[in-house]
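Please open the model in a viewer and keep the selection panel at hand.

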Amino acid sequence: MTRFLVRRIAVSAPLLVMVSFLTFVLVSLTPGDAAYTVLGAGATSEQLAQLRDQMGLDRPLLSQYTTWLGHALSGDFGASLISGQPVGHAIGQQLASTLSLVLLSVLVSTFFGVMIGAWSAARGGRLARLVDSLSFAALAVPGFLLGLLLILVFVLAVPVLPASGYVPLLESPSGWLRSLVLPVAALSFGGIGIIAKQSRAAMEDVLGSEFVVVLRANGFRRGSIIYRHGLKAAAVRIQSVVGVMFVGLLSGSVLIESIFALPGLGSLAVQASAQGDLPLILGVTVVFTLLVVAANLILDNLFLLVNPKVVHR
Amino acid sequence: MRLPSKIGIAAAACVMSVAGTAACGSSGTSPSSSAKDVLTIALGTPPVSLDPSRGGNGPTAMYQAPAYQSLLHLEGDGGTESPSLAESFKWVDARNTELQVVLRPGLKFSDGTALDAAAVKASTAHFATNGSAFAYVGQRVASVDTPDARTVVFKLKEPDPTFPNQLAETSGLGMIINPKAIADKANLGTSTAGAGPYALSTEQTVVGTTYTYLPNPHYYDKSAVKYQKIVIKVIADPNTALAALQSGQVQVAYATPAGFAQAKAAGLNTAAFPGATNGLFFQDHGKLVPALGDIDVRRAINYAIDRKSAAEAVTLGTGKPTVQLPVAGSLGHDPALEDVYPHDLAKAKELMAKAGYADGFTLPTLVPAFVPTSSNLAQTLADQLAKIGITLKLESVTTIGAYAAAQGTAKFGATVFAVGFPLGVPSAASVLFGPTAQGNPRREEFPTVMPAIKAASALSGDAAATAWQRINKTIVDEALEAPIMTEVYGYFFSKDVQGVDESIAVNPVYMAPTP
């Protein structure tokens, strides 16, 4: 187990370097750097050269990257080229809202997805087909559209929830929850569809297997067979979907954050990209990569807990 | 299996909340804050920087305004300035080259340091040299004299009747920055160091998302501080911003063309001012696209455009068709010019044939996809100009940086853009025709208007008004550009707040709770 962890972390390190380098190169190749953003149209080449010199953008690409990497390894992600704010601080300010949004959405989509999927697998027939159709519908409705509809209903028609903003958990737990209900609902909707469909398929396979027949023959209660033994056996398949879904929700959060004006990493990434703010983009990319690596690591370990037969190589 | 996951969730929640409280503080939605104490404003984009020299003008100046009071203030429709940090101001000479500003007595920055003439001089130097889009305004100043601690004399390189306006909210030049903060530039982009009624609270601010301002204890007029807190929230989606306004989460929100009908139906107040002039701006007059060097071709383009239907389509009826650059009422505007280019396809085709372009030509055109009205207008124009054989080869860019870079390549014959000319023809002259103007990437010389612009800049009063009108007539007659519509710029606001429509330079400092 420890060896597995060490190996996974060792593999993640080159991944981080690769992702950050690719981001660096791609952003550098995009027309219109931070100097253009600050100076705007009509900047003379002398003004541009002077500002690029100030920002360090006139140095060779590789040297810029290695300097950044050197500092990043010691925990210094530099400062935003535009506002001068330290990147670490900017990310620290906005991480909480993104984590709240994505983790709650994972929990909500997993819980409802599994419940609906298991229930329809156990019932079969029309209900199963209905779940299938609804899953497709959930996948087809874009989160942002749903977000706008939710605002229309729960902010304007029946004003019970706030339209925008984020309240930190420690400041007001109820405010935190209220500020996240609509964004989480909009982000989880598609996820519930995916998980429900996968859960139904996994459960159908499990419920048709020999050990379930044996359990039935031995007089186990139906509920116990489905929700205790069946779900446990189907869990590995469902978990692997949750891992993929986490990554999807992370990218989906970008639009949802913008619609509900949540101060998150997604909006930070969009803003930094629009302004060609290289250090900020790199910082956000590294954090996103770390989150994906961490999520996969946690899920892989959950596999072990759920089914010790899974062997990590 | 259960125990570890519970610990995991608890740990994750802890990380979240610690980061959350350290950062955000109140986001203006806490139930204890009433509309009388806290003013919450929704804007669509965050500022590039809080440093007035890099902050930009227009709506994003709202981020600096609470903390950086400017030397002068724009009155009403923007035509006149009144003293603000200044006690008085006047032109020393008759040629608009020497402006004397006397500061109020006892002015202090938010850290208690005195704001004197030397501070104004240092701030002006920073503005001119800090490398920003508006640096050219500061670079017009040849020197700043400080005969005594409260008197400042700006000596300009060339006559500039618009200079007092630049010291008001039009550019950030009049927003005086604490010399201590200029010396240590590191925090200028994310904090404030001005002498306004408020100062940014960095603890309660999340850069890019929520900006919180608290009263400045050293401000000279306590009665002018109307709120215990001003919060500006960035709400990128206009529907969300309007919903936040309707539900009472914010009191003021930026307007979009599509929002006007909904805002009125919801019983909200609206403040609307003539905004940017949206149109087809020629980036070249004959060197890159030879056809554009022919006055008949440029006139043909102006005749071929159906401005009324373009304005209807792009701004849903809120914009006004126009053939001239300055907005109605501003310096040099002439209502009589509106009849010069009626929509007349036959006439346009005739002019094209006369110029030898009966078969049309291709016009490479730069389109800012990040300005929705311009990007829509470009599509409409492509259809309209195709009718006289002109093919607009549209190239869209998605960020202001990419736009500036593309413009710098001088590969485009034209661009569709919405440009504000707050001071009428003098603004248009400095933005479009000057040798270093933003809208003149090929550094063209414009011999038919530039000498007249220089002469008019040294005039004042009625003589100036007549001269600028004459220049405007030349620009329209020679079809140097193809302006299409004046957009509306404005805000929606609730009944809890007043003063939003006090001036075209919408400034949170002038907003107050409705009694």
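Two residues are said to touch, or to be in contact, if their C-beta atoms, placed from the backbone, lie within 7 Å. The model is a predicted one, and every stop below should be read accordingly.

**Stop 1: the nonpolar core**

Select B:A42 and display its surroundings. Leaving aside residues up to four places away in sequence, B:A42 touches B:K233, B:I235, B:A241, B:A244, B:L245, B:V250, B:A253 and B:Y254. Which residues touch the most other members of the largest nonpolar core? They are B:A42 and B:A253, in a core of 234 residues. Next, select residues 173-207 of chain A, which form helix α8. This helix gives the most to the core, contributing 16 residues.

**Stop 2: chain B as a whole**

The C-alpha trace of chain B spans about 80 × 75 × 45 Å along its principal axes. For 515 residues, a compact globule would have a radius of gyration near 24 Å, and the 25 Å of chain B agrees with that expectation. Of the 515 residues in chain B, 54% are buried. When contacts in chain B between residues at least 6 apart in sequence are considered, 69% join residues at least 24 apart.

**Stop 3: helix α13 of chain B**

Select residues 425-433 of chain B, which make up helix α13. Is this helix largely enclosed or largely open? Eight of its nine residues are buried, so helix α13 of chain B is largely enclosed by the rest of the structure. The buried residues are B:V425, B:P426, B:S427, B:A428, B:A429, B:S430, B:L432 and B:F433.

**Stop 4: chain A as a whole**

How many helices and strands does chain A have? The secondary structure comes to twelve helices and zero strands. The C-alpha atoms of chain A fill a box of roughly 85 × 55 × 35 Å along the principal axes. Buried residues account for 44% of the 313 residues in this chain. Among contacts in chain A with a separation of 6 or more, 74% are between residues 24 or more positions apart.

**Stop 5: a helix pair in chain A**

Select helix α5 (residues 87-123) and helix α11 (residues 265-275) of chain A. Their axes come within 8 Å and cross at roughly 135 degrees. That angle makes α5(A) oblique to α11(A). On the α5(A) side the contact is made by A:A90, A:I91, A:Q94, A:L95 and A:T98, and on the α11(A) side by A:L265, A:G266 and A:L268. By class, the contact between these two helices has five nonpolar, three polar and no charged residues.

**Stop 6: where the chains meet**

Finally, display both chains together. The contact takes 59 residues from chain A and 55 residues from chain B. On the side of chain A that touches chain B, the elements giving two or more residues are α2 (34-39), α3 (45-55), α5, α7 (143-157), α10 (222-259) and α11 of chain A. The largest share of that side, nine residues, comes from α5(A). By class, the side of chain A that touches chain B has 33 nonpolar, 24 polar and two charged residues.

Note on methods: Residues are numbered from 1 along each chain as its sequence is written. Chains are lettered from A and ligands numbered from 1 in the order in which they are written. This is a predicted model: local features need pLDDT of at least 70, side-chain atom pairs count only at pLDDT 80 or more; totals for chains, interfaces and linings use all residues. A nonpolar core is a set of buried Ala, Val, Leu, Ile, Met, Phe, Trp, Tyr and Cys residues joined through C-beta atoms within 7 Å. A residue is buried if 20 or more other C-beta atoms lie within 10 Å of its own, exposed if 12 or fewer, and partly exposed in between; C-beta atoms are placed from the backbone. Helices (H or I, at least four residues) and strands (E, at least two) are DSSP runs, numbered from the N terminus. The radius of gyration is taken over C-alpha atoms; the globule rule is 2.2 Å times the number of residues to the power 0.38. Axes are lines fitted to C-alpha atoms, for helices over the stretch in contact, and angles run from 0 to 180 degrees between N-to-C directions. Angles under 35 degrees count as roughly parallel, over 145 as roughly antiparallel, 65 to 115 as roughly perpendicular and the rest as oblique. Ala, Val, Leu, Ile, Met, Phe, Trp, Tyr, Cys and Pro count as nonpolar, Asp, Glu, Lys and Arg as charged, and the others, Gly among them, as polar.
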